[in-house]
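Try each task before reading its solution.

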Amino acid sequence: MRNRIQSGWVALAFCLASAAPLAAQGLPAGVTKESIAKGDEIFHGSGLCFACHGNDAKGAVGPNLTDDQWLHSKGSYDEIVKQVMTGVPKEISKSGNIMPPKGGSSISDDEVKLVAAYVWSLSHKTS
Ligand code: HEC
């Protein structure tokens, strides 16, 4: 019985390791250096993020996105994608300032993922 449980864990660990080759480089699944670079352009362009978070993303009307302090999540890539999709309505805003969905911009859902990759990279070192 004990052996069966142990080999189950070994199989599970093997699956996780082979399913996530990107994790070895420190990037979350779905994030690449290219998506981070495109997200940088969107942040400072059509996504309008710079208008509230500042050109350096260190905060203005909206909070600093370069530190490890997160107001609304733990700052994982998936959480950032969701946050940008829904924005921050008044009911949950900590500062009283709101963020409209997608920052009020007309970027596509795919562009939200790119800009989220950039935002994620600001507070996470990659190799
Ligand atoms: C109209 C101003 C405005 C724009 C434009 C805007 N934001 Fe925000 N953002 C805010 C405010 C305000 C908050 C949350 C404030 C609070 O809760 O006190 C916020 C919160 C966030 C958070 C959560 C931060 C945390 O600490 O949990 C993320 C991530 C974020 N914005 C990313 C973006 C991205 C990416 C864009 C561009 C697509 C964008 N924002 C555009 C104002 C804006």
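**Exercise 1. Find which helix gives the most residues to the shell around the ligand.**

Step 1: Helices here are DSSP runs (H or I, at least four residues), numbered from the N terminus.
Step 2: The shell holds 30 residues, and C49, C52, G62, S95 and G103 are the closest. Two or more residues come from each of α3, α4 and α5.
Step 3: α3 gives the most, with four residues.

A note on the model: it is predicted, so local features need pLDDT of at least 70 and side-chain atom pairs count only at pLDDT 80 or more, while totals for chains, interfaces and linings use all residues. Residue numbers start from 1 along each chain as its sequence is written.

**Exercise 2. Work out how many residues of α5 are buried, and what they pack against.**

Step 1: Call a residue buried if 20 or more other C-beta atoms, placed from the backbone, lie within 10 Å of its own.
Step 2: Eleven of the 15 residues in α5 pass, including K113, Y118 and W120.
Step 3: Their packing partners are α2 (33-43), α3 (49-53) and α4 (77-86), with contact meaning C-beta atoms, placed from the backbone, within 7 Å.

**Exercise 3. Locate A57 and K102, and describe the phi of each.**

Step 1: Most residues other than glycine have a negative phi.
Step 2: A57, in the loop between α3 and α4, has a positive phi near 65°.
Step 3: K102, in the loop between α4 and α5, has a positive phi near 55°.

Terms used. A residue is buried if 20 or more other C-beta atoms lie within 10 Å of its own, exposed if 12 or fewer, and partly exposed in between; C-beta atoms are placed from the backbone. Two residues are in contact if their C-beta atoms, placed from the backbone, lie within 7 Å. A residue is near a molecule or strand if its C-beta atom, placed from the backbone, lies within 6 Å of it.
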